[in-house]
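Open the model in your viewer and keep the selection panel at hand. The stops below go from domains to ligand to core.

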Amino acid sequence: TKSLRETLKEIVPLKRHQLQALKEEHSSKVIGDVKVENVIGGMRGLKAMLWEASVLDPNEGIRFHGLSIPDCQRLLPPAPGGSEIIAESMLWLLLTGKIPTPEQTRDLSRELAEKGALPKEIEKLIDAFPRTLHPMTQLSMGVAALNSTSEFAAAYERGIKKSEYWTYALEDSLSLIAMLPALAARIYRNVYHPEKKLVDVNKDLDLVGNYTNMLGFGDNHSLTEYLRLYIALHGDHEGGNVSAHAAHLVGSALSDPYLSYSAALLGLAGPLHGLANQEVLRWQLAMQSSLASSSITPASITEYLWSTLNAGQVVPGYGHGVLRSPDPRFVALQQFCDKYPEELGESEIVRMVRMTAEVAPGVLREHGKTKNPYPNVDATSGCILYHYGLREFKYYTVIFGVSRALGALTQIVWDRALMLPIERPKSVSMDVLEKIVKG
Ligand code: FCX
């Protein structure tokens, strides 16, 4: 069977050919209008960037190379002894558009585990951070510091052909994905459990098996399976979201994959993006403490939702920039809860998430502002972690950050393989806008 590198070497010329044909035959074709509302409205709806691995349909949700989440759950190999999608099989799909065999998936797991230990000087740097530094700040700083190991940066300095950039970007991307669990687990240990010893990367485990193990939850099979699914599903959500877009933008300046992904993480740390799962939990716990446990009913949750909205706040975990239906990632995580009824069926927080999802769309529709009243993935992801005893919710976005590397770095490999140019959209002032619209 072919290795990941061999598979990619076959695909790169085909994709380059596809791009060349688009350029030569259709460069001046119009595919949409630019309205004033796009310029002042966060560029919403503008089809203005290339992203290969996934496309988000407003109604169906995300598809990875055309495959829906249930397709991926059916087709992508799990870990030995598990049944959920794992990071490695998702990464293979994202990078190549192909379904890996179980053997290819195992080989990739082994390669990542072999590259998984952090350089000693980076360990020292992370250990020197004050515990008060937000875990996402630490993650972004750690990833930026790892650029001292960048093969892309070293090769660029030596002088290489543009057509070869992608091979170095691929090596950096795989190394970074491999080291993220050790980096993220070290931050968790340092901030929350400084007395605990960190275990080493186990060469026989998959990426998330290792991550859970290093976090100290290795003997919890259902949590490990949950994190496998979580990390595979959060891997990519097309290109325009803040983290993915940031990685692509910074990478377009030929900043190496470490620097590019570090920038993505700083965007992921915002409350309207990755931090939302932490906000959801905060909101759910505040609701729990304001309502007596016996009185948590659809009616009392409805009332609580209105108090949030009437206070001028958003209901975290609901709404989306593109989606206009319930997020299939939310659905998949809820179905995971059904699969483990003995672990999750009786959980108070899981019950509250479910009840909230039943009433919130009606309330948000009546409120009349959001274009999408349905839950997004953040409405449940952090709450399930809370149930499992991973309760340090300032840490949750770090887990998202371990995951989003799969998609953001995949696109960086393709940006370099397709030799895309530096990104440089035209901006305009309000005066210029007025001149344009008034003619
Ligand atoms: N509760 C209350 N009001 C909401 C709302 C919600 N959940 N979602 C949107 N609105 C409001 C907006 O604040 C906006 O109000 P304004 O006109 O006074 O500014 C209006 O509805 C229209 O917004 P809309 O076009 O529907 O949504 P946007 O594309 O501007 O924003 C996000 C999308 C996701 C930022 C928005 O729905 C939100 O703030 N949701 C809560 C936070 C959240 O869950 N974020 C995670 C999103 C995602 F899954 C991720 O990136 O991880």
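What follows is a list of selections, with what is found at each.

This is a predicted model: local features need pLDDT of at least 70, side-chain atom pairs count only at pLDDT 80 or more, and totals for chains, interfaces and linings use all residues. Residues are numbered from 1 along each chain as its sequence is written.

**Domains.** Select 1-17 + 50-276 + 393-421 as domain 1 and 277-387 as domain 2; such bounds come from an automatic or database domain assignment. Their C-alpha centres are 28 Å apart. The contact (C-beta atoms, placed from the backbone, within 7 Å) uses 20 residues of domain 1 and 25 residues of domain 2.

**Domain 1 side of the contact.** Select strand E2 (61-64), helix H11 (221-233) and helix H20 (396-417), the elements that each give two or more residues to this side. Helices (H or I, at least four residues) and strands (E, at least two) are DSSP runs, numbered from the N terminus. H11 gives the largest share, five residues.

**Ligand.** Show the 21 residues around the ligand, of which Ala276, Gly319, Lys369, Thr370 and Asn376 come nearest; a residue counts as near if its C-beta atom, placed from the backbone, lies within 6 Å. Both domain 1 and domain 2 give residues to this shell, so the ligand lies between them.

**Core.** Next, select Leu176, Ile177, Ala184 and Tyr261, which touch the most other members of the 118-residue largest nonpolar core. Such a core is a set of buried Ala, Val, Leu, Ile, Met, Phe, Trp, Tyr and Cys residues joined through C-beta atoms within 7 Å, where buried means 20 or more other C-beta atoms within 10 Å of a residue's own. Helix H9 (residues 165-192) supplies the largest share, 18 residues.

Notes
Two residues are in contact if their C-beta atoms, placed from the backbone, lie within 7 Å. A residue is buried if 20 or more other C-beta atoms lie within 10 Å of its own, exposed if 12 or fewer, and partly exposed in between; C-beta atoms are placed from the backbone.
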